[in-house]
Amino acid sequence: MKDIAFAGALALCAAPAIADDHANTYPFEGDFGDATFAVESAIVGRGLVIDWVSHTGDMLARTAKDVGSDVTLFDGADIFQFCSAQLSRKVMEADPMNIAFCPYGIFVTDRAGEVTIGYKTFPEGPMQEVQALLDDIVQEALQ
């Protein structure tokens with residue numbers, strides 16, 4: 001089970017700097033610290049509460065040797081997890097199994113000085129409203 005979670009974290013964070021089947025990503029003009037501050041500010045500024053910040057980059061660096069790797073994936077990688085009570089209720093009333101997408105996450109990565117902000121893509125239908133919220137937050141953080 002840990003291997004599946006580890007692979008999932010890698011897949012989420014390793015998205016290319018384009019929209020694809022897994023994630024929408026945007027380059028950030030600035031350093032990792034500025035990007036994480038901008039994302040946190042954009043989330044909190046909307047009255048949303050960040051439930052947890054996953055320091056995925058630190059975990060990957062700390063455990064690389066334990067899993068037999070010497071590859072540095074990120075110089076920094078954090079995932080901000082949060083929910084919107086109003087929007088979550090709306091999408092789960094449309095389909096209770098939309099619980100699988102909660103909490104929502106926005107990630108920030110730094111790979112060799114190239115900082116990226118992004119989020120995973122959601123299926124067509126009610127979850128597109130969540131995707132629009134995430135994109136609005138990211139767009140604010142990019143300014």
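This is a predicted model: local features need pLDDT of at least 70, side-chain atom pairs count only at pLDDT 80 or more; totals for chains, interfaces and linings use all residues.
Two strands pair if DSSP finds at least two bridges between them.

Strand E4 spans residues 104–111. Seven of its eight residues are buried, so the strand is mostly covered, with buried meaning under 20% relative accessible area. E4 and E5 form a hairpin, with two residues between the strands. In the turn, Ala112 has a positive phi of about 55 degrees.

The largest nonpolar core holds 26 residues. Ile106 and Ile117 touch the most other members. Strands E3, E4 and E5 each supply at least two residues of this core, as do helices H2 (32–44), H4 (85–94) and H5 (127–142). H5 gives the most, with seven residues. In soluble globular proteins, nonpolar side chains tend to be buried together.

The contacts of Ile106 were listed without counting residues up to four places away in sequence. Among them are Val39, Ile43, Ile79, Phe80 and Phe82. Ile106 also touches Ile117, Gly118 and Tyr119. Further contacts include Leu134, Ile137 and Val138. Asp78 is on the list as well.

A search of the whole structure finds one disulfide. Cys83 and Cys102 form this bond, with their sulfur atoms 2.2 Å apart. The pair links distant parts of the chain, 19 residues apart. Cys83 belongs to strand E3, whereas Cys102 lies in the loop between H4 and E4. Cys83 has a relative accessibility of 21% and therefore counts as partly exposed. Cys102 is partly exposed too, at 24% relative accessible area.

Helix H3 covers residues 56–63. Its residues Thr56, Gly57, Leu60 and Thr63 are buried. These residues cover an arc of only 145 degrees around the axis, so they sit on the same side of H3. An α-helix has 3.6 residues a turn, so residues three or four places apart point the same way. The face of H3 turned away from the buried side carries Ala61 and Arg62, which are exposed.

Conventions:
Residues are numbered from 1 along each chain as its sequence is written. Side-chain values use heavy atoms; hydrogens and water are left out. Buried means under 20% relative accessible area, exposed over 50%, partly exposed in between (1.4 Å probe, protein chains only). Helices (H or I, at least four residues) and strands (E, at least two) are DSSP runs, numbered from the N terminus. A nonpolar core is a set of buried Ala, Val, Leu, Ile, Met, Phe, Trp, Tyr and Cys residues joined through side-chain atoms within 4.5 Å. Contact means heavy atoms within 4.5 Å. A disulfide is a pair of cysteine sulfur atoms within 2.5 Å. The arc is that of the directions from the helix axis to the C-beta atoms.
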